[in-house]
Amino acid sequence: MRLGAVLSALRPALPLLLGLSLGCSLSLLRASWSHGAAEERCLAPGPPAPPARGDPPEAAEGRPGPGHEDFRPRIVPYYRDPNKPYKKVLRTRYIQTELGFHERLFVAVLTSKATLNTLAVAVNKTVAHHFPRLLYFTGLRSAKVPHGMVLVAHGDERPIWLMYETMNYIHQHFGSDYDWFYIMQDDTYAQAEQVKALVTHLSINQDVYLGRAEEFIGGDEQARYCHGGFGYLLSRSLLLKLHPHLDSCRNEILSVRPDEWLGRCIIDFLGITCVSQLQGQHYRTYELAKNTEPEKEEEEDFQAALAVHPVSDMTLMYRLHKQFSRIQLDRVYQEIQDLQMQIRNLTALTPAGEAGVTWPVGINAPFLPKSRFEVISWDYFTEQHLFSCPDGSPKCELSGASKADVSEIIESAVEQLNRLYQPLLRFSKRQLLNGYRRFDPTRGMEYTLDLLLEAATQKGHSHVLAKRVSLVRPLSKVEIIPMPYVTEATRVQLVLPLTVQDLDFVANFLDMFAMNTLDTHDNALLTLLFIYHPYDAQRVGQMDVFAGVKAMVGELEKRYADVKIPWISVKTEVPSQVKLMDIVSKKHPVDTLFFLASVWTEINMEFLNRCRMNTISNWQVFFPVHFQEFNPALVYRGEQTASSNTDFLKDGHFDRHSFAEACFYNSDYMTARTKLAADILDRDEVLESMEVFDVFLHYSGLHLFRAVEPGLVQKYTLRSCNPRLSEELYHRCVLSNLEGLASRSHLAMALFEQEQANST
């Protein structure tokens, strides 16, 4: 009885015990097999074979050799020279810089006096923009550089000297930044996309000398050099090893052709010969015959070529580019069709079946809103007008990029219809009846067109009909725009214009400035700009309207002994932002980073860092859109205001009508201001209708970065709009005040309560 009770209690655990026993038994058996296999050798009896020449003992024993060191994690010890003073290390915000990554490909084009303005220009217009970095090298002295080209002139037209100086220049300026270096001549057409694809399939851990291998005249049969006319690829490791020997090669090796000279230098000092195939990748080339017609070339060698040589003139370069672009486009279309067919076949096997295929095939499905607030609205348009305008007006003329977009979409729709129905029917557009478009962030721009078409048959009969078509302009491959490097160590010079109407808010501004910048020792300074009305300026001796502000500044300077807050006094009736900035600009160095602030701005370190990062000298200016809180009297209506943590960026809006805040460099402002002065001559009254934003928009070629800034939060206040300003500036000020009152729901509730109070 007792044994039966024990067995019944252990019965649920029997499968677990059996599984453990079976697992242990199999493990013991496998261990014995492995031990036995390790003792047996599948080799003939005799002493072990020595490792191959040049192979390290580690490689012979099956362990990774020195060639695989780059794939092992290494700890780089930190070393600080005790003889040098300690300096705080500034850490970058970019992983690529922190880890020491290299760019992929650098391209050097060798040109000459005869071809600089012809073939070199053709190379620049066809393939240069497809490479991440491309420079032209010539032996001319003080050569005139064609527009849009970066030229390095060595001052000696001897071919060998040009090659020697070019290799030295590449090593000195780009040797530590790039993994691959592609050298070509300006009479070479290179397929940029295939060259970039080639380097992505090659290991950066080898010395690579890849190109069209040619034999030396009367030289060793095994040695080869890369023909310069078809371009050749050098790895970074080879360039670093070659550089110490360039001077010796220049003095000891005699050659007429620069590509032969370089090949002989690499062979003699590094023992590396040119190859046309490496790591399963082929460097395919094609030699053009005289009077070649690129449009009629159908050979596989031509279509698969990475480089084509020789190109005799600019016209042939453009024709080659057109033909290879057509070949590449046909390949892409064929790949798209194959992928779409595979998607259809695979989707039919899913639980959703054929109904799960989205249109267009391969493009993300349309966004499905979860509530009415997420619905993406459609914009209505015709061929002449748009009924959803940027400025909020109900109707505006279709122009610029929008007009070109609509015209292209209509042409594409008619072309697709003809492709589907020809030769039975031929469509031609008569009129666009209705047009709708919307931007879906998950897939792209969607269009729905109601077209009035005329359909003609093969027999000449025609009929007018209306047809609705849907089109999608999908989002293409996302590209990272290269931007100049910036850091957070730049000093920010705050500029605060003050009028008499701003006196009630100055104390809060100075308190926030002291707490968020002076207490934290942020690299920021402040300059005050006192704007006196002519009447107040005459009475400064008896009563200074800004005396209280100056006293506050004095208290701050006493509290922070190393801080000086200067001020500038200006007398004017119309405080033009441009005129005020002219005064400040002349009193600061050209490399000063300005932050033009308003008295309602609450300065914080987070925004100052974004001001530094988003403002790039000679490249970009930053105009943040601050967050404006609503009128608490209308939003809360006597209720207690919630804490700032729960209602952060809730009861307010981003004020897109305000351009009071701006971050820019003094040098950029001075350049744009010079162009403005040449345009308006002596008509200073024009400046009263402009802001700093208008100066950069119309008189500089810089990028204007306009974005919402959650770090700039302003309390509600009713701004005073100066009626003496231009009509546009005054209108924007009024709109800012009106939209800053409250949201529609809050205003509706306030009106409802007022009507109820009046009715009772």
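Ala, Val, Leu, Ile, Met, Phe, Trp, Tyr, Cys and Pro count as nonpolar, Asp, Glu, Lys and Arg as charged, and the others, Gly among them, as polar. This is a predicted model: local features need pLDDT of at least 70, side-chain atom pairs count only at pLDDT 80 or more, and totals for chains, interfaces and linings use all residues. Residues are numbered from 1 along each chain as its sequence is written, and side-chain values use heavy atoms, without hydrogens and water.

**Stop one: the largest cavity.** A cavity is a set of points on a 1 Å grid over the protein atoms alone where a 1.4 Å probe fits but cannot get out; lining residues have an atom within 4 Å of a point. Select Gln628, Asp655, Tyr716, Thr717, Leu718, Arg719, Ser736, Asn737 and Gly740, which line the largest cavity. Its volume, the space filled by probe spheres set on the points, is about 60 Å³. The lining has two nonpolar, five polar and two charged residues.

**Stop two: the second largest cavity.** This one holds about 40 Å³. Color its lining by class: seven nonpolar, one polar and no charged residues. Helix H17 (577–586) and strand E20 (492–498) each give two or more residues. Helices (H or I, at least four residues) and strands (E, at least two) are DSSP runs, numbered from the N terminus. H17 gives the largest share, four residues.

**Stop three: strand E4.** Select residues 178–185. Find Leu110 opposite Gln185.

Key: Two strands pair if DSSP finds at least two bridges between them. On a 1 Å grid over the protein atoms alone, a cavity is a set of points where a 1.4 Å probe fits but cannot get out, and a pocket is an open set with protein on both sides within 12 Å along at least five of seven lines; lining residues have an atom within 4 Å of a point.
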